[in-house]
Amino acid sequence: MSLRNKVTLIGYTGKEVEMVNFENGGLKAVVSLATNDYYTNAKGEKVEETQWHNLIAFGKTAEIFQKYVPKGKEIAVEGKLTYRSYDDKDGVKRYITEIRVDEVLLLGNK
C-alpha cells in the first residue's frame, strides 16, 4: 500500500452506523469517530481536545461496521482522505471531508 493519502485513526464511534443500500446491491456505511488529544495550557492545566471525523466504508468493510460497530465502540481505522461538495437547499455550496475506510480493527470491551 502506498503512503500517499493514508490516514490511521483510533477513537470511539459517536453514533450508530447508518447504512445505505444501492440499487446495484452495493452497501455503504457512514459513522462519526471521535479522537482525543491532550495538552497542557499556559496555566499548567491538562486540556482535552476532541476532533470529529466522518467515516465512510463500502462493501465488506461496510458489512463489518454494520455487524460489529455500535455507538461508543473503540475502533482503529485505516483509509484515505476524500473531499466532496454539494449545494444545500438554500443553494449554498457545502464541503465535506471524509475518511474512506479500507480496514477496521475492533478494540475495547464493548
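Colleague: In this predicted model, where is the place of Lys-15?
Modeller: The model is predicted. Strand E1 covers residues 7-13, and strand E2 covers 18-21. Lys-15 sits in the loop between E1 and E2.

Colleague: Is Lys-15 buried, partly exposed or exposed?
Modeller: Buried needs under 20% relative accessible area, and exposed needs over 50%. Lys-15 has a relative accessible area of 30%, so the residue is partly exposed.

Colleague: Which side chain makes a polar contact with the side chain of Lys-15?
Modeller: The cut-off for such a pair of N or O atoms is within 3.5 Å. Here the distance is 3.0 Å, and the partner of Lys-15 is Glu-18.

Colleague: Which residues does Lys-15 touch, not counting those up to four places away in sequence?
Modeller: Contact requires heavy atoms within 4.5 Å. With residues up to four places away left out, Lys-15 touches Val-30, Val-31, Ser-32 and Lys-71.

Colleague: How many Å apart in space are Lys-15 and Gly-72, C-alpha to C-alpha?
Modeller: In sequence, the two residues are 57 residues apart. In space, C-alpha to C-alpha, Lys-15 and Gly-72 are separated by 7.1 Å.

Colleague: What is the bridge partner of Thr-8 in E5?
Modeller: E1 pairs with E5 (residues 74-87) in the antiparallel sense, over six bridges. Within E5, the partner of Thr-8 is Glu-78.

Colleague: Over how many bridges do E5 and E6 pair?
Modeller: E6 spans residues 93-106 and runs antiparallel to E5. The pairing of E5 and E6 has 13 bridges.

Colleague: Which residue takes a positive phi in the hairpin of E5 and E6?
Modeller: Five residues lie between these strands. The positive phi is near 85°, and the residue is Gly-91.

How values were computed
Residues numbered from 1 in each chain as written. Predicted model: local features only at pLDDT ≥ 70, side-chain atom pairs only at ≥ 80, totals over all residues. Heavy atoms only, no water. Pairing = 2+ DSSP bridges. Helix = DSSP H or I, 4+ residues; strand = E, 2+ residues; numbered from the N terminus. Buried < 20%, exposed > 50% of the residue type's maximum accessible area, 1.4 Å probe, protein only. Polar contact = N/O pair within 3.5 Å; in protein donor to acceptor, adjacent residues only side chain to side chain.
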